[in-house]
Amino acid sequence: MEELEVKILDIDVDYIRKKALELGCKNVKKENQINNIFDFPTKDLLKMQGYARIRIVEDLLNNKKKYFMTTKRILSQNKFKIMDENEIEISDAVEGENIFNSLGLNLIQSIKKYRESYQYKNSLIEIDINEKSFCPFPYIEIESPNENQLEELVLLLGFSMKDTTSKNIYELIEIFKGKGY
């Protein structure tokens, strides 16, 4: 599946929640996540702007645990980040890790975060609050199947496309380290 994505950084979480509800968006996710990132010892996937992931989700809206096995690769990073994403829900995180390990992939990083998502038409506003040791600032990701809906949502939230970035989280953390975060 291909998705268009932009980020807006260092946001006021309460403002985004309020604005999403004013727009009639439905709250579709409140979850704690553990994102286990896998790659080859040579980091070939990351070098190609991709990764393999096992996501462990504590679904706070439905009071249950879910597990997802995912591969992602950036196709383009111009105006929008365009990702090729393949994901499947699995019944056991350990079995997913075993599959990745059998392919020669190793766990390279484990990232914990809280995610709250709101649906607007076919798009998502995702508020991400990571462990401060990984990413010290909250941000939103806006994901959409098409450019017009993505740009419409950015404007409805009170931002312009100039406020967005297509950089990945690792690039952004490096930039913000220089700003004293």
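Mentor: Let us begin with burial: a residue is called buried under 20% relative accessible area, exposed over 50%, and partly exposed in between, with a 1.4 Å probe and protein chains only. Helices (H or I, at least four residues) and strands (E, at least two) are DSSP runs, numbered from the N terminus. Leu105, in the loop between helix 3 (93-102) and strand 6 (106-120), is buried because its relative accessible area is 5%. The C-alpha atoms of Leu105 and Ala20 are separated by 39 Å, and the two residues are 85 apart along the chain.

Trainee: What should I know about the origin and the numbering of the model?

Mentor: This is a predicted model, in which local features need pLDDT of at least 70 and side-chain atom pairs count only at pLDDT 80 or more, while totals for chains, interfaces and linings use all residues. Residues are numbered from 1 along each chain as its sequence is written, and side-chain values use heavy atoms, with hydrogens and water left out.

Trainee: How far apart are the C-alpha atoms of Ile37 and Ile108?

Mentor: They are separated by 5.8 Å, although 71 residues apart along the chain. Ile37 is found in strand 2 (residues 26-39), and Ile37 counts as buried because its relative accessibility is 5%.

Trainee: How do I read strand pairing, and how many bridges join strand 3 to strand 4?

Mentor: Two strands pair if DSSP finds at least two bridges between them. Strand 3 (residues 50-59) and strand 4 (residues 64-77) run antiparallel and are joined by ten bridges; within that pairing, Ile56 has Tyr67 in strand 4 as its bridge partner. The two strands form a hairpin with four residues between them, and Asn63 in the turn has a positive phi of about 50°.

Trainee: Which way does strand 4 run relative to strand 5, parallel or antiparallel?

Mentor: Strand 4 and strand 5 (residues 81-90) run antiparallel, joined by ten bridges, and Thr70 stands opposite Glu87 in strand 5. A hairpin of three residues joins strand 4 to strand 5. Strand 5 also pairs with strand 1 in the antiparallel sense, over four bridges, and there Glu2 stands opposite Asp84.

Trainee: What joins the side chains of Glu85 and Lys72?

Mentor: A polar contact is a pair of N or O atoms within 3.5 Å, where within protein one must be able to donate a hydrogen and the other to accept it, and residues adjacent in sequence count only if both atoms are side-chain atoms. The side chains of Glu85 and Lys72 are joined by such a contact of 3.5 Å. Glu85 lies in strand 5, and Glu85 counts as buried because its relative accessible area is 11%.

Trainee: Where does Asp10 lie, and what is its phi?

Mentor: Asp10 lies in the loop between strand 1 (2-9) and helix 1 (13-22), and has a positive phi of about 50° although it is not a glycine. Asp10 counts as partly exposed because its relative accessibility is 39%. Gln49, placed in the loop between helix 2 (44-47) and strand 3, has a positive phi of about 60° and is not a glycine either; Gln49 counts as partly exposed because its relative accessibility is 32%.

Trainee: How many disulfides are there by the distance rule?

Mentor: A disulfide is a pair of cysteine sulfur atoms within 2.5 Å, and by this rule the count comes to zero. Cys25 is buried, with a relative accessible area of 7%, and Cys135 is buried as well, with a relative accessible area of 1%.
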